[in-house]
Amino acid sequence: MDFLDLRHVLPFLVPIVALMIPIVAIIMGIQAKMRREQLLHETLRQLADKGQPLPPELLAQLTGDPSGRADAVKRGRTVSLQVGAVNLAVGLALALMFSLMNPNSWLWTIGCLPGFIGLALLVVWWVESSGQKSV
């Protein structure tokens with residue numbers, strides 16, 4: 001009955017389950033989006049079969065609303081600024097923390113990863129916002 005003793009497997013199961021949670025969440029989100037689109041297509045097909053006019057709201061959901069596109073771009077730029085600033089701050093905080101914990105170690109460079117990601121996002125935000133002003 002040694003094969004039923006799972007104590008040696010337990011340390012591996014915890015990280016595997018922890019990594020599976022976001023994967024399952026992503027899959028469920030994609031399935032929900034696909035189901036919404038399927039229901040929207042079905043509704044449009046039924047309206048077209050009956051000869052009724054298609055509501056512009058449903059078509060806007062299907063094709064993406066061009067009137068609300070500017071707001072979405074603006075929100076995307078704002079999110080890019082926020083995410084970039086947070087990543088830069090987290091990177092600097094990690095670098096400072098590891099530098100103070102062990103001054104003669106390379107551990108402070110761990111903060112460079114989120115820091116450089118944040119810096120890159122801020123550069124992209126700056127380039128996009130300066131490009132919009134000149135147009």
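Is Ser105 buried or exposed, and what is its relative accessible area? In this predicted model, Ser105 is buried, because its relative accessible area of 17% falls under the 20% limit.

**View A. Ser105 in the loop between helix 3 and helix 4.** The loop that holds Ser105 runs between helix 3 (69–101) and helix 4 (112–134). A polar atom of the Ser105 side chain lies 3.3 Å from the backbone nitrogen of Leu107. The relative accessible area of Ser105 is 17%.

**View B. Ile117 in helix 4.** Ile117 has a relative accessibility of 42% and counts as partly exposed, since this class covers values between 20% and 50%. The C-alpha atom of Ile117 is separated by 9.7 Å from that of Ala85, a residue 32 positions away along the chain.

**View C. A nonpolar surface patch that includes Met20.** Phe12, Ile16, Met20, Ile23, Val24, Ile27 and Met28 make this patch, with an area of about 680 Å². Met20 is located in helix 1, which comprises residues 10–50. With 40% relative accessibility, Met20 counts as partly exposed.

View D. The protein chain has an average pLDDT of 84, and 84% of the residues score at least 70.

Definitions and conventions:
Residues numbered from 1 in each chain as written. Predicted model: local features only at pLDDT ≥ 70, side-chain atom pairs only at ≥ 80, totals over all residues. Heavy atoms only, no water. Helix = DSSP H or I, 4+ residues; strand = E, 2+ residues; numbered from the N terminus. Buried < 20%, exposed > 50% of the residue type's maximum accessible area, 1.4 Å probe, protein only. Polar contact = N/O pair within 3.5 Å; in protein donor to acceptor, adjacent residues only side chain to side chain. Patch = residues over 30% accessible without salt bridge, like charges linked within 9 Å, V, L, I, M, F, W, Y side chains within 5 Å. Areas by Shrake-Rupley, 256 points an atom, 1.4 Å probe, with all protein chains shown as cover. Salt bridge = Lys/Arg side-chain N within 4 Å of Asp/Glu carboxyl O. pLDDT = per-residue confidence, 0-100.
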